[in-house]
Amino acid sequence: MDITSFAEVYLAHRQMKTLSSPNNSTTISGFILLGFPCPREGQILLFVLFFVVYFLTLMGNASIICAVRWDQRLHTPMYLLLANFSFLEIWYVTSTVPNMLANFLSDTKVISFSGCFLQFYFFFSLGSTECFFLAVMAFDRYLAICRPLHYPALMTGRLCNILVISCWVLGFLWFPVPIIIISQMSFCGSRIIDHFLCDPGPLLALTCSRAPLMEFFWTIITSLLLFTPFLYIMGSYMLVLRAVFRVPSRDGRRKALSTCGPHVTVVSLFYGSVMIMYLSPTSEHEAGMQKLVTLLYSVLTPLMNPMIYSLRNKDMKHAMKKILKT
């Protein structure tokens, strides 16, 4: 018996005990998030591990926000975008990890129908917003390096605010229609989702009948969301590289590349893992691989972002030191 079958039998047994108790006369309505099936001791260990990761993620991204807020030298478009990106990362990781932590300590691991689709909506809306933010940050680097003399006049505070608001609005308007359509479908069978969050692949697999039109529509809008910003980012950095190689001094080239390096690293981590998962939500990925890849872009990337953006940035490190001294 494999681990998934064992988990299904175990959870079914726990549910029978729960439903047969005097205080529970109704059946469970919702889904069962298997998460990471393992003995009770393992669940507690995973709870501690992910709680520490979640806490460090909140502290790291909050420290970037505070550094930008309190250090006047960081009141530039690049750092204002970074502060907004860190704010986004806090909410992005919060859309999954608290429920995951509660799931580790739960016997039934049940998530309500409305709770599942709310998580589905916020997780994908925040992820969409991140795609747009990464494109806007690439645009900022393009202007700063390729058009340095015009940069202050082009990248004004007003334009920066418009771009930030546009990212949030577009991100939260991208997925509501398909998510509402999926929520209206009929679900059959055990309603067990072998994942730690409500994901389109496992959800579509639980529908009573296949919906090829919905699957095709999901693939189209997801591909547009991923490829449009990604191709723009790649195009921007091709122009940036061309401009950098025209800089006569080696120090000038190194300085220009150092401002782009952290952003390229984050883009590679985020897009590399997301594209594997969501270009085809019903593609056959092993459940374990799905969970690991999802952990990479939804939990580990927000944890690593503060380190990526601050380790080689002298201004950010100076601002961080000032915060630690106060």
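This talk goes through one protein model, from its overall make-up to a few single residues.

The model is predicted, so local features are taken at pLDDT of at least 70 and side-chain atom pairs at pLDDT 80 or more, while totals for chains, interfaces and linings use all residues. Residues are numbered from 1 along each chain as its sequence is written, and side-chain values use heavy atoms, with hydrogens and water left out.

I start with the whole protein. There are 13 helices and three strands; these are DSSP runs, H or I of at least four residues for helices and E of at least two for strands, numbered from the N terminus. The protein has 326 residues, and 46% of them count as buried. Buried means under 20% relative accessible area, exposed means over 50%, and partly exposed is in between, with a 1.4 Å probe and protein chains only. The accessible surface is about 16700 Å², and carbon and sulfur atoms hold 69% of that; the areas come from the Shrake-Rupley method with a 1.4 Å probe, and for residues only the protein chains shown count as cover. Among contacts with a separation of 6 or more, 80% are between residues 24 or more positions apart. Contact here means heavy atoms within 4.5 Å.

Next, two helix pairs. Helix α2, residues 40–70, and helix α3, residues 77–94, have axes that come within 9 Å and cross at roughly 155 degrees. Axes are lines fitted to C-alpha atoms, for helices over the stretch in contact, and angles run from 0 to 180 degrees between N-to-C directions. That crossing makes α2 roughly antiparallel to α3. Angles over 145 degrees count as roughly antiparallel, under 35 as roughly parallel, 65 to 115 as roughly perpendicular, and the rest as oblique. The contact includes Tyr-54, Leu-58 and Ile-65 of α2, and Leu-80, Phe-87 and Ile-90 of α3. The crossing of α2 and α3 is left-handed, meaning the near helix is turned anticlockwise from the far one by less than a right angle; clockwise would be right-handed.

The second pair is helix α5, residues 113–146, and helix α7, residues 157–173, which pack at about 145 degrees with axes 7 Å apart. Here the crossing is right-handed. Among the residues that meet are Phe-122, Phe-132 and Phe-139 in α5, and Cys-167, Trp-168 and Phe-172 in α7.

Now some single residues. Gln-119 is also in α5, and counts as buried because its relative accessibility is 7%. Its side chain reaches the backbone oxygen of Ser-95 at 3.4 Å. Leaving aside neighbours within four places in sequence, the contacts of Gln-119 include Asn-99, Ile-111 and Leu-197.

Lys-109 sits in the loop between α4 (97–104) and β2 (110–111). Lys-109 is buried, at 8% relative accessible area. Its phi is near 60 degrees, a positive value in a residue other than glycine.

Last, helix α12, residues 287–310, which holds Thr-294. Thr-294 has 0% relative accessibility, so this residue counts as buried. What joins the side chains of Thr-294 and His-195? A polar contact of 3.4 Å, that is, a pair of N or O atoms within 3.5 Å; within protein, one must be able to donate a hydrogen and the other to accept it, and residues adjacent in sequence count only if both atoms are side-chain atoms.

Not counting residues up to four places away in sequence, Val-293 touches Ser-273 and Met-277. Val-293 and Ile-276 are 17 residues apart in sequence, with their C-alpha atoms 8.1 Å apart.
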